[in-house]
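Subject: Two-chain model, handover and notes

Hello,

Here is the structure for you to look over. My notes follow it.

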Amino acid sequence: MNRFARYLPSPGGAASAVLGFLILLAVWWGTSLIFHTRAVILPSPPAVWRALTEMAAAGALGLDVRTSLVELFWGFLVGTALGLATGMALARSRGAAAFLEPIVETFRFILPFSMVPLLVVWFGTSILGKIFVVAYACYFVVAINTAAAIVEIDPLILKAARMLGYSGSRLLLRVIVPAALPRILTGLQVAIAYAWVSVIAAEYIGAQAGLGYMITNAQTGLETDKVIAGMVIIGAVGLILSQGVALLRRLTVPYRSSAGW
Amino acid sequence: MSARAEKRSLLGYRLAAILFVLGGWLLLSWIFYSPRLELIPTPWRVATRLVELAHTELLGDILASLGEALGGWVLGSILGIAIGVLIGRVAPVRLLLRPVIDFLRFISPLAWVPLAILWFGIGYWSKASIIVLISLFTVVVNTAQGVSSIDGELVKAGKSLHLNFRQRLEVALMSAMPDILVGLRYALGAAWGGVVIAELVAGDVGIGAMESFGGQSFDVAQIMVGMLTLAVLGYAANWGFMRAQQALFPWIVGNREA
């Protein structure tokens, strides 16, 4: 077992994912060469690459990626800002917790994806509906993790800080935030993944551009090569985003690392 | 303040929360009231639509969605546990499959919806296969984690007792069970989101399809009935899972957090 173990990239990381991509590529290429699968069912890797470069050259791909990223940015920003505020209120004030808890616990079960048709009726194909879905998908995981992060802080640390004269905003910024940051970042890591999924899912219906729109549109036209090309781009962006948050984590909380699986 | 008085004042906050949500809903539905297009129907309008739908199609849609979610979840979980045990215990399989799963996990299962439609049409499997993927990825990771972190003493004890393959598998599965159950429950929760998105895109039956038809006819009350039904289903599934876990594995405590 140990003989193999040292060749393995650390699980859950980017290197492992790239290796997995190469393995999958080999299997996929082999399947399409040996079985001569029809392009509608499984196009060969070169065909997908051609579709990708054609879309990129026409500028359509750039537009789709940009649209999706803009939706992601605003949705994530709004969702995490509200989630952080709610989480702090839940943890720091009993009255606010008693007021917010039933609301959060109820709306947590209303799925963000189930409101997509509603948002299409309300906002049409505009970006507002997508921002709403993405923000809603991020909000709960950020709020719950932030609240837990603050509640879990060792009360001795807080007592010591108070005794040393910290209070108000100084207590918040110098003691509470650094102590709670690892768990808060865990919430953000999950939230960015949720957000990216939600962008794609929200674009399936009632959109005019974006990667989710692009792959459903290609599916309607039986252009499987474009569908797979779009999925690869979605995976690559997801990988970059999650690496970005992981990097943020290493920079801000070098004192606590996250383990793979 | 006495504990009882504090409890009463917290109850007041809770009541205020309920009134706030209902009041906000009513207020919005009056502000955006229009006789032609109901953008935000009142709570009782949604309630009457629920009763109407309950008499016609709702039950069939619930059963369709339930069948997709549970069928995909069961199949994906069985595959996930099997592959997870292999990844956790068999080095060559880990070498080959763990990177593949690491890569595929970055392509969200929901991004497979168009491909699933191309492969399976718009019938049962285009939706169930998405749930299979959702459950598979979650359960594989949790199972592998649980199986590879078995207490070394247990493995040694098993060796000295000359356990056969089945018994060793049982030891591995049971000591990984807390982790596996977390994965199973998470997957069950995520399954509903997968069902609704798949049905919105490839809808013939199911709650997502019902919402989609509601959207096409600007019947917001019908969409809201779908949202509420899914919330109740998700809640009930989580509750049922917890009850089953307590009944089947009463020795597992501490992974009951949300």
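First, the burial scale. A residue counts as buried if 20 or more other C-beta atoms lie within 10 Å of its own, as exposed if 12 or fewer do, and as partly exposed in between, with C-beta atoms placed from the backbone.

Two points on provenance. This is a predicted model, in which local features need pLDDT of at least 70 and side-chain atom pairs count only at pLDDT 80 or more, while totals for chains, interfaces and linings use all residues. Residues are numbered from 1 along each chain as its sequence is written, and chains are lettered from A and ligands numbered from 1 in the order in which they are written.

Most residues other than glycine have a negative phi. B:Phe218 has a positive phi of about 55 degrees and is not a glycine. It sits in the loop between α9 (207–216) and α10 (220–248) of chain B. Helices here are DSSP runs of H or I with at least four residues, strands are runs of E with at least two, and both are numbered from the N terminus. B:Phe218 has 13 other C-beta atoms within 10 Å, so it is partly exposed.

A:His36 also is not a glycine and has a positive phi, of about 45 degrees. Its place is the loop between α2 and α3 (45–58) of chain A. A:His36 counts as exposed because it has 8 C-beta neighbours inside 10 Å.

Chain A

Chain A has 11 helices and zero strands. Its C-alpha trace spans about 75 × 60 × 30 Å along the principal axes. Of its 261 residues, 43% count as buried. Contact means that the C-beta atoms of two residues, placed from the backbone, lie within 7 Å. Among the contacts in chain A with a separation of 6 or more, 73% join residues 24 or more positions apart.

A:Ile228 is one residue to look at. It lies in helix α11 of chain A. With 23 C-beta neighbours inside 10 Å, A:Ile228 is buried. A:Ile228 and A:Pro43 are 185 residues apart in sequence, yet their C-alpha atoms are 8.6 Å apart. Leaving out residues up to four places away in sequence, A:Ile228 touches A:Pro43, A:Val48 and B:Leu115.

The A–B contact

Chain A puts 50 residues into the contact and chain B puts in 51. On the chain A side, the helices that supply at least two residues each are α1 (2–5), α2 (14–35), α5 (94–107), α6 (116–123), α9 (168–202), α10 (211–220) and α11 (224–252). Of these, α11(A) gives the most, with eight residues. What kinds of residue make up the side of chain A that touches chain B? It divides into 40 nonpolar, 10 polar and no charged. For these classes, Ala, Val, Leu, Ile, Met, Phe, Trp, Tyr, Cys and Pro are nonpolar, Asp, Glu, Lys and Arg are charged, and the others, Gly among them, are polar.

Helix packing in chain B

Helix α5 (residues 113–120) and helix α6 (residues 124–148) of chain B pack at an angle of about 140 degrees, with their axes 8 Å apart. That makes α5(B) oblique to α6(B). Axes are lines fitted to C-alpha atoms, for helices over the stretch in contact, and angles run from 0 to 180 degrees between N-to-C directions. Under 35 degrees is roughly parallel, over 145 roughly antiparallel, 65 to 115 roughly perpendicular, and the rest oblique. B:Val113, B:Ala116, B:Ile117 and B:Phe120 in α5(B) meet B:Trp125, B:Ser126, B:Ser129 and B:Ile130 in α6(B). The residues of this contact are six nonpolar, two polar and no charged.

Helix α3 (residues 58–89) of chain B also packs on α6(B), at about 35 degrees and with the axes 6 Å apart. This crossing is right-handed. Its contact residues divide into 20 nonpolar, 11 polar and three charged.

Domains in chain B

The domain assignment, from an automatic or database source, gives domain 1 (1–31) and domain 2 (38–248). Their C-alpha centres lie 34 Å apart. Five residues of domain 1 are in contact with four residues of domain 2.

Best regards

Terms used. A crossing is left-handed if the near helix is turned anticlockwise from the far one by less than a right angle, and right-handed if clockwise.
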